[in-house]
Amino acid sequence: SLIVFAGIVFVAMLGAAWLVLRIGSQWFANRQNQSAASAKTNLEEMFIFTDADRIMAINILVLILLPVAAWVLTGNLIMVGACVVTAFIAPRYVLRYIAQRRLRLFEQQLPDAVLMITGALRAGASLPVALDSVASEGKEPISQEFELMLREMRLGLDMGVALERLEKRVPLTDLALVTAGMALSREVGAN
């Protein structure tokens, strides 16, 4: 009777463990796919193009290697657990850091771009030609954003809408002021 009860408990625990592993692996796979797709979208917004499968492979590799390295170097299970948590959380913070760095760089390049546009307008060029000079002669990321805006305009998008999209992609107050000035210049002919 005790052996039968122990067998039933063992089978129940085995089934529960299987169920937890099954649900956990599905959750992990879904989370990794969502994280990879989100990271791919975020990176594409920053003009960094890569495959979602590659991002997922890097995430899994970090999730495996970081705890193993912590175990080999320290032999401490608490440190291994901290590394597992870090491996889950770190990709979001890394992407956020890259995006913030890109925004800071854009903000640093904006005064030079405004000077280029102003110089071109004073020389008699039209606003699209002045914007093209920033796209072709500027450095990344400002050249990329202005090139994308010009491509949208070449495909028939109204300049006002293209400027609004630029503001959404690059949420900076200084850029909002510049784009408002460009929209005003386009509408009323101001300089």
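This is a predicted model: local features need pLDDT of at least 70, side-chain atom pairs count only at pLDDT 80 or more; totals for chains, interfaces and linings use all residues.

Modeller: Residues are numbered from 1 along each chain as its sequence is written, and side-chain values use heavy atoms, with hydrogens and water left out.

Biologist: How many helices and strands does the protein chain have?

Modeller: Helices (H or I, at least four residues) and strands (E, at least two) are DSSP runs, numbered from the N terminus. Here there are seven helices and zero strands. Of the 191 residues in the protein chain, 27% are buried, where buried means under 20% relative accessible area, exposed over 50% and partly exposed in between, with a 1.4 Å probe and protein chains only. Among contacts (heavy atoms within 4.5 Å) with a separation of 6 or more, 50% are between residues 24 or more positions apart.

Biologist: How is a pair of helices described, and at what angle do helix 3 and helix 7 pack?

Modeller: Two packed helices are described by the angle between their axes and the distance between the axes. Axes are lines fitted to C-alpha atoms, for helices over the stretch in contact, and angles run from 0 to 180 degrees between N-to-C directions. Helix 3 (residues 77–122) and helix 7 (residues 173–188) have axes 10 Å apart at an angle of about 20°. They are therefore roughly parallel, since angles under 35 degrees count as roughly parallel, over 145 as roughly antiparallel, 65 to 115 as roughly perpendicular and the rest as oblique. Phe106, Glu107, Leu110, Val114 and Ile117 of helix 3 make the contact with Asp174, Leu175, Val178 and Met182 of helix 7. By class, these are seven nonpolar, no polar and two charged residues; Ala, Val, Leu, Ile, Met, Phe, Trp, Tyr, Cys and Pro count as nonpolar, Asp, Glu, Lys and Arg as charged, and the others, Gly among them, as polar.

Biologist: Where does helix 5 stand relative to helix 3?

Modeller: Their axes come within 9 Å and cross at roughly 65°, which makes helix 3 roughly perpendicular to helix 5. On helix 3, Arg102, Phe106, Gln109, Leu110, Ala113 and Ile117 meet Ile142, Gln144, Glu145 and Phe146 of helix 5. This contact holds six nonpolar, two polar and two charged residues.

Biologist: Which elements does helix 4 pack against?

Modeller: In helix 4 (residues 127–137), the buried residues include Leu127, Leu131 and Val134. The buried residues of this helix pack against helix 3, helix 5, helix 6 (159–169) and helix 7. With helix 5, the axes come within 8 Å and cross at roughly 140°, and helix 4 is thus oblique to helix 5. In the loop between helix 4 and helix 5 lies proline 141, joined to glutamate 140 by a cis peptide bond with omega about 10°.

Biologist: Is glutamate 152 buried or exposed?

Modeller: Glutamate 152, found in helix 5 (residues 142–154), is buried, with a relative accessible area of 12%. Its side chain makes a polar contact of 3.4 Å with the side chain of arginine 165, and another polar contact of 3.4 Å joins it to the side chain of arginine 169. A polar contact is a pair of N or O atoms within 3.5 Å; within protein, one must be able to donate a hydrogen and the other to accept it, and residues adjacent in sequence count only if both atoms are side-chain atoms.
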